[in-house]
Amino acid sequence: MSYTCVAGLGVSGTAVAKVLAARGERVVVVEAVEGERQLAAAAELAGTGVETRFGEMTLPAGVTRVVTTGWAPHHPLIAAALSAGVEVVGEVELAWRLRPAQAAPWLALTGTNGKTTAVRMLTSILQADGRKALAVGNVGVPVVQAVAEPYDVLAVELSSFQLHWSGTLAPHAAAILNVAPDHLDWHGSMEEYAAAKGRIYERAGTVIFNADDPEAARLAAPYSGAVGFTLRVPKRGEIGVVEDLLVDRAFVADPVEAAEELATLEDIRPFAPHNVANALAAAALARSLGVPSEAVSQGLRDFVPDPHRLAHVDRIGEVDYVDDSKATNPHAAAAALASYPSVVWVAGGLLKGADVDDLVRQAAPRLRGAVLLGADRARIAEAIARHAPNVPLVDIPDRDTGAMEKVVTEAARLASPGDTVLLSPAGASLDMFANYPARGEAFARAVRELKQRHERER
């Protein structure tokens, strides 16, 4: 009998343990944090015969396989397993291996930013075509939990962590949205991070890539017949934009002479250039499975954006306030900043080793002010001093969650009519908040309080 160690008692780890226990396998879970949620999960798993060890970061004796839910190769337990010749796989790789006969095809997607939006757009398109589809993977529902269910197709969002530990998965089609520095502390270098992203293509039936992103294009270059998507007029074999139309010149009978309208720019919400790219990627993946154009346009219209992604909070005194707390790296913040002509930028958090100079250099002409908070705010301030020295800057040293009220008050002071106060932090939230939704909610709450004060003073 195989003896599996599950590394981590989060949503995916718990799902893995349950699935393996149901198959009659011996399972032990290793978890560092002995919190209320973890103890409850461990108690539930104990009823299925699964042992949980808290605080022990050593490889249990006799283990024949480790299933990791995002732990890095340099983690002591993972390193010990690799050194001992014990196989280490990720939850996604395990799910691929456990697929039943006649399993639903996978449409897989990765990228530094936009993954969740694109995979939810894809799911909406598939459902508009009448297919039983589910968004799984890094989007929230563990793949291992979904593979045994009778779906027609799975829309699979994959992180670089998941791809690093996936060696055999072969999706029907795979797309890369973009590749920019992120998670360098986990991967060790930009080269390793990009290589992990590129693994999505290794066994894919159809390779789809962002032709406007140099790194995505480089990763797709070795694969013949790769389909590009672009914000420009599409060439033969691409999906792109012609005036206000999304147009397919790849999945048509005659890519040389024919083109097919898929949707209009008005079908895409919220409208921003990077969101058009997300829609094009989703459309390309759906078209690889034979989805008609009518379902593409209907699915995009039906799509409901997730919170904290360019979410318009309110307008106060001719100034718009926008919550883009999901922008947890510089590449995501750059896309958000490029969507507005005149911005008071709210930024800061944990940069995870990423550089912000290019971000600030590109955004400088749009910046009317900046309010910085969080652990790495000094690095952003230094970049602003180098590339936008005339931009007014306010530093908020407070580290409690109530600091957001000061942030919004200062941002309102810097803003003029026609400006957008944009929370697009370029960093992770865990230095001050439980997660990025909590950060976005604090911003929205502070904006609502500002509006109440503004109305009382009128």
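Residues are numbered from 1 along each chain as its sequence is written, and side-chain values use heavy atoms, with hydrogens and water left out. Because the model is predicted, local features need pLDDT of at least 70 and side-chain atom pairs count only at pLDDT 80 or more, whereas totals for chains, interfaces and linings use all residues.

Five strands form an open sheet with parallel pairing, in the order β3-β2-β1-β4-β5. Strands (E, at least two residues) and helices (H or I, at least four) are DSSP runs numbered from the N terminus, and two strands pair if DSSP finds at least two bridges between them. Strands β3 (51-54) and β5 (87-90) stand at the edges with a single partner strand each, so one side of each is left without a neighbour in the sheet. From one strand to the next, the twist averages 25°. Strand β2 (residues 26-31) is joined to β3 by 4 bridges, the two running parallel; E31 stands opposite F54 in β3.

Helices pack on this sheet. Helix α2 (residues 36-46) touches β2 and β3, and its direction makes about 155° with that of β3. Helix α3 (residues 76-83) touches β1 (3-7), β2, β4 (65-68) and β5, its direction making about 145° with that of β4. Here contact means heavy atoms within 4.5 Å; axes are lines fitted to C-alpha atoms, for helices over the stretch in contact, and angles run from 0 to 180 degrees between N-to-C directions.

Helices α1 and α2 pack at an angle of about 5°, with their axes 11 Å apart. They are therefore roughly parallel to each other, a term for angles under 35 degrees. At this contact, T14, A17 and K18 in α1 meet A41, E44 and L45 in α2.

In soluble globular proteins, nonpolar side chains tend to be buried together. A nonpolar core is a set of buried Ala, Val, Leu, Ile, Met, Phe, Trp, Tyr and Cys residues joined through side-chain atoms within 4.5 Å, where buried means under 20% relative accessible area (1.4 Å probe, protein chains only). The largest such core has 44 residues, and V29, W106, V143, V156, I200 and Y201 have the most contacts inside it. Its largest share, 5 residues, comes from helix α1 (residues 11-22). Apart from this core lies another, of 43 residues, among them V119, A173, A283 and V296.

Technical notes:
Buried means under 20% relative accessible area, exposed over 50%, partly exposed in between (1.4 Å probe, protein chains only). Angles under 35 degrees count as roughly parallel, over 145 as roughly antiparallel, 65 to 115 as roughly perpendicular and the rest as oblique.
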